[in-house]
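Here are my notes after a pass through the model, as numbered points. Have it open alongside while you read.

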Amino acid sequence: MKQSSKTDCYKDKNVFVGIDVHKRTYAVVSFVDGVVVKKWQTVASPEALARQLKDLYPYSKIRTAYEAGFSGFVLHRVLEQAGIHNLVVNPGSIEVSIHNRVKTDKRDAQKIASLLEAGRLKGIRIPTEQVEHQRLLSRTRAQLVEERTSIKNMIRMRGHQFGLIVPDDRRIMSHQFVKELLEQAPSPEFSVTVNAYWRVWKSLDTEIKLLEAELRKQAQQDEREETYRSAPGIGPLSARILANELGNMSQFENERQLFSYTGLTPSEHSSGDAIRRGHITRQGNTRVRCVLCEAAWMAIRKDQNLKDFFDNLYPRAGKKKAIVAVARKLVGRIRAAFRQQKLYQIKPVG
């Protein structure tokens with residue numbers, strides 16, 4: 001008589017798998033009926049992990065999850081192609097016990113698996129490979145701009161360190177400012193150090209300009225550009241970021257989903273019949289949220305309806321909450337423009 005294999009134990013069962021992703025390895029934990037049935041570590045190969053899961057649970061319905069991060073969505077796509085339903089989740093949405101101070105890879109994977117089985121995980125939206133490549137331009141530019149700001153701050157710190165910049169000097173760091181610092185250089189070592197930073201700054205300037213030229217080319221080929229640019233407060237770079245991150249917003253069934261993705265949903269604290277809304281959750285797309293809030297400040301100068309909305313809310317909610325509300329209204333109207341296949345219309349006052 002044929003003996004039943006170990007895999008037969010899980011036949012027709014739902015298997016929930018948590019994956020803690022690292023550069024070289026995956027820590028993996030699987031749950032069946034609320035019980036941990038296997039823990040293991042494997043090489044960080046999406047194809048190898050998919051084969052392992054299919055070999056271990058050939059007659060089961062496998063569901064997996066891992067946190068979004070540096071590894072992108074290659075693992076997700078490979079698992080899905082293998083017939084394994086996968087969720088990529090926002091790290092900020094993973095519940096952490098206040099008494100649990102121990103953190104290990106397998107514990108993280110086990111927590112993901114248990115929350116997945118309990119139905120308490122919500123996956124983020126997965127972009128197509130084409131969209132991922134389009135985003136490279138705007139995201140890389142943002143990273144280089146951040147790096148350039150860091151370099152500027154390092155030069156300023158050296159100036160403060162040797163008394164060349166007084167504490168209340170609020171001049172913006174510019175190339176002319178660096179020249180003035182070098183003219184006052186207290187030592188050859190200071191000159192060498194500042195010049196080293198300065199060369200990096202100039203190199204970043206060149207690369208950022210090249211990326212911006214590519215973004216302009218991208219905009220010329222993007223039919224969504226005109227709609228985004230028609231909205232008040234949305235300039236060329238803002239339009240590129242929003243187009244690459246949000247598309248035409250057709251993937252959002254309603255504004256609530258859109259606000260959740262952008263992280264513009266207010267947090268809520270309920271007690272009995274009392275509901276108090278606080279700061280935004282900040283669990284959505286940081287790039288989009290920053291662009292929309294910056295655009296909102298410009299929009300209230302150009303759209304009187306948005307200005308009136310801000311002025312009405314500001315005394316009660318404060319400046320920050322009021323501008324976030326304007327950002328929500330602005331992106332909601334841009335979504336409506338796409339749905340109606342029209343440009344953004346500034347409504348007349350009255």
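1. I'd start with helix 12, which has 21 residues and reaches 30 Å from its first C-alpha to its last, close to the 30 Å expected at 1.5 Å a residue. Keep in mind throughout that this is a predicted model.

2. Some context for the whole chain. The secondary structure comes to twelve helices and seven strands. The chain has 350 residues, and 40% of them count as buried. Taking contacts with a separation of 6 or more, 57% are between residues 24 or more positions apart.

3. Next, helix 11 (residues 304–317), which packs on helix 12 (residues 319–339) at an angle of about 150°, the axes being 8 Å apart. Angles over 145 degrees count as roughly antiparallel, so that is the label for helix 11 against helix 12. The crossing of helix 11 past helix 12 is right-handed. On the helix 11 side the contact is made by N305, L306, F309, F310, L313, Y314 and A317. Helix 12 brings K319, K321, A322, I323, A325, V326, K329, L330 and R333 to that contact. By class, the residues where helix 11 meets helix 12 come to eleven nonpolar, one polar and four charged.

4. Staying with helix 11: it has 14 residues and spans 19 Å from first C-alpha to last, close to the 20 Å expected at 1.5 Å a residue. Which residues of helix 11 are buried? L306, F310 and L313 are, and the buried residues of helix 11 pack against helix 10 and helix 12. L306, F310 and L313 also turn up in the list of residues touching helix 12.

5. Now helix 8 and helix 10. The axes of helix 8 and helix 10 (residues 286–302) come within 10 Å and cross at roughly 140°. Here helix 8 passes helix 10 in a left-handed crossing. Helix 8 contributes S238, I241, L242, E245 and L246 to the contact, and helix 10 contributes R287, V288, V291 and L292. Sorted by class, the contact of helix 8 with helix 10 has six nonpolar, one polar and two charged residues.

6. Helix 5 and helix 6 are another pair to look at. Helix 5 (residues 175–183) packs with helix 6 (residues 188–220) at about 165°, with axes 11 Å apart. That angle makes helix 5 roughly antiparallel to helix 6, and helix 5 passes helix 6 in a left-handed crossing. From helix 5, the residues involved are H175, V178, K179, L181 and L182. They meet F190, S191, V194, N195, W198, W201, K202 and D205 in helix 6. The contact of helix 5 with helix 6 divides into seven nonpolar, three polar and three charged residues.

7. A couple of backbone angles are worth a look. Most residues other than glycine have a negative phi. D33, which is not a glycine, has a positive phi near 55°. D33 sits in the loop between strand 2 (25–32) and strand 3 (35–43). Is D33 buried or exposed? Its relative accessibility is 53%, and the cut-off for exposed is over 50%, so D33 counts as exposed.

8. M249 is another non-glycine residue with a positive phi, about 65°. Where is M249 found? In the loop between helix 8 (236–246) and helix 9 (255–262). M249 has a relative accessible area of 1%, so it is buried.

9. Last, a residue in helix 9, namely Q257. Q257 has a relative accessible area of 24%, so it counts as partly exposed. What does Q257 contact, leaving aside its neighbours within four places in sequence? R125, Q251 and F252.

Definitions and conventions. Residues are numbered from 1 along each chain as its sequence is written. This is a predicted model: local features need pLDDT of at least 70, side-chain atom pairs count only at pLDDT 80 or more; totals for chains, interfaces and linings use all residues. Side-chain values use heavy atoms; hydrogens and water are left out. Axes are lines fitted to C-alpha atoms, for helices over the stretch in contact, and angles run from 0 to 180 degrees between N-to-C directions. Helices (H or I, at least four residues) and strands (E, at least two) are DSSP runs, numbered from the N terminus. Angles under 35 degrees count as roughly parallel, over 145 as roughly antiparallel, 65 to 115 as roughly perpendicular and the rest as oblique. A crossing is left-handed if the near helix is turned anticlockwise from the far one by less than a right angle, and right-handed if clockwise. Contact means heavy atoms within 4.5 Å. Ala, Val, Leu, Ile, Met, Phe, Trp, Tyr, Cys and Pro count as nonpolar, Asp, Glu, Lys and Arg as charged, and the others, Gly among them, as polar. The expected span of a helix is 1.5 Å times one less than its number of residues. Buried means under 20% relative accessible area, exposed over 50%, partly exposed in between (1.4 Å probe, protein chains only).
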